[in-house]
Amino acid sequence: MVPDGEAPKRRATRADVARYAGVSPAVVSYTVNAGPRPVAAATRARVQDAIRVLGYRPNAAARTLKVGSTTMLGLIVPDSSNPFFAQFGHALEDVAAASGYALLVVNVSNTKDLALGIRRLASRQVDGMFIAVKLGMADLAALGESGTPAVLLNQSDAVSGLPTIGSDLYEGARQGVRHLIEHGHRTVAFVGESDPSEERQRGWRDALAAAGLELGPIAAAEFTRESGYAAGQSLLTLEQRPTAVFVSSDQQAVGVLRAFHEGGLSLPADIAIVSLDGSPEAEYSWPALTTVVQPVRDMAMDALERLVQPNAPTRFVQYATTLLIRQSCGCGHLQS
């Protein structure tokens, strides 16, 4: 309540901030909304200082009505319950929130649903979208029809005309398998996609070939715990059991671990495991998984910058991975 005789305190406006900072109201808008035009660092600092001094609070509803912007971004993933995509989604949500955006997540159960997911997000008038699923021609057409800016994530190849980000999964797999070979393992199995051209399987194959070793057994598995569990059970039935396994994801590796525990194996004494992703789930499994880490936070920051900044480069950027050694392969230090 305002005391008698006192006028109510007027709420600071964008124009007030502009006058205080010595800039145009448009520059204030670009600073608050992280675009659509870039703002020089010194100018942005003056605007942010004016916002703090004046106590300016942007009216999100008014901005939506006035400029037709929901200040919302979309994320399409195959499965948000997958620890890797959950971690990636959390990182994207954090960096988006720091720039004034909310994040709407859409799951697509298979690639056939991707075009539908793109249309769903476009119907919500999101300002841009991240797509962490491989696109086909129909999906590219749906994206073009939507007119919505997009950045592709979790990709292994460039997509013409679109900013594309991925990790070097091939080199990550080679790195993990080389580590097992360097610790004396000569029969290293593979758990993952059955396609020999898939990046992780190619890395496994090439690491063994470079060491003059024969390929170990392949246990085909989808990217689920259940499929990893079934793959682990199949490895237990082999007459010549491998001494080590490279698993394509942490989520699959948790299922493999359960199968090995139930089969009476002691890790890493009886069999060693290296997986790929670097999700929190790997740290809290038992034993804790040695894993090839994808730099999720760095990729999330890069993805947001390329989505909201005008004239962002559309080239393919592939991030290096890091081997994080824990108990599942019998060592305990960090190797880059």
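These legends describe close-up views of one predicted protein model.

Local features need pLDDT of at least 70 and side-chain atom pairs count only at pLDDT 80 or more, while totals for chains, interfaces and linings use all residues. Residues are numbered from 1 along each chain as its sequence is written, and side-chain values use heavy atoms, with hydrogens and water left out.

View 1. Helices (H or I, at least four residues) and strands (E, at least two) are DSSP runs, numbered from the N terminus. Of the 336 residues, 47% are buried. Buried means under 20% relative accessible area, exposed over 50%, and partly exposed in between (1.4 Å probe, protein chains only). The accessible surface comes to about 16400 Å², and carbon and sulfur atoms hold 52% of that. Areas come from the Shrake-Rupley method with a 1.4 Å probe; for residues, only the protein chains shown count as cover. Among contacts with a separation of 6 or more, 67% join residues 24 or more positions apart. Contact means heavy atoms within 4.5 Å.

**View 2. The largest nonpolar core has 26 residues.** A nonpolar core is a set of buried Ala, Val, Leu, Ile, Met, Phe, Trp, Tyr and Cys residues joined through side-chain atoms within 4.5 Å. Leu73, Phe88, Leu92, Phe130 and Leu153 touch the most other members. β1 (72-77), α5, α13 and β11 (316-319) each supply at least two residues of this core. Leucine 153 touches Leu75, Phe88, Leu92, Phe130, Ile131, Ala132, Val133, Ile165 and Ala303, leaving out residues up to four places away in sequence. A second, separate core has 20 residues, including Leu180, Ala244, Leu276 and Cys329.

**View 3. Helix α10 covers residues 225-236.** Its 12 residues should span 16 Å at 1.5 Å a residue, and the end C-alpha atoms are 17 Å apart, which agrees. The expected span is 1.5 Å times one less than the number of residues. Ser227, Gly228, Ala231, Gly232 and Leu235 are buried in α10. They cover an arc of only 140 degrees around the axis, so they sit on the same side of α10. The arc is that of the directions from the helix axis to the C-beta atoms. Their cover includes β6 (188-192), β7 (218-220), β8 (244-247) and α11 (250-262).

**View 4. A salt bridge joins aspartate 16 and arginine 19.** A salt bridge is a side-chain nitrogen of Lys or Arg within 4 Å of a carboxyl oxygen of Asp or Glu. The structure holds nine. Here the N to O distance is 2.4 Å. The two residues are three apart in helix α1 (residues 14-21), so about one helical turn separates them. Aspartate 16 is buried, at 11% relative accessible area. Arginine 19 is exposed, at 60%.

**View 5. Aspartate 94 and arginine 297 form a salt bridge.** The N to O distance is 3.4 Å. The pair links distant parts of the chain, 203 residues apart: aspartate 94 lies in helix α5 (residues 83-98), arginine 297 in helix α13 (residues 296-308). Aspartate 94 is partly exposed, at 33% relative accessibility. Arginine 297 is partly exposed too, at 42%.

**View 6. Glu171, Arg174 and Arg178 are linked in a network of salt bridges.** Glutamate 171 meets arginine 174 at 3.2 Å, N to O. These two are three residues apart in helix α8 (residues 169-182), so about one helical turn lies between them. Glutamate 171 is partly exposed, with a relative accessible area of 25%. Arginine 174 is partly exposed, at 22%.

**View 7. Threonine 31 lies in helix α2 (residues 25-33).** Threonine 31 is buried, at 12% relative accessible area. Setting aside neighbours within four places in sequence, its contacts are Val39, Arg44, Val47 and Gln48.

View 8. Proline 268 lies in the loop between α11 and β9 (272-277). Proline 287 is in the loop between α12 (280-283) and β10 (290-293).

**View 9. Glutamine 125 has a positive phi of about 55 degrees although it is not a glycine.** Glutamine 125 sits in the loop between α6 (114-123) and β3 (128-131). Glutamine 125 is exposed, with a relative accessible area of 54%.
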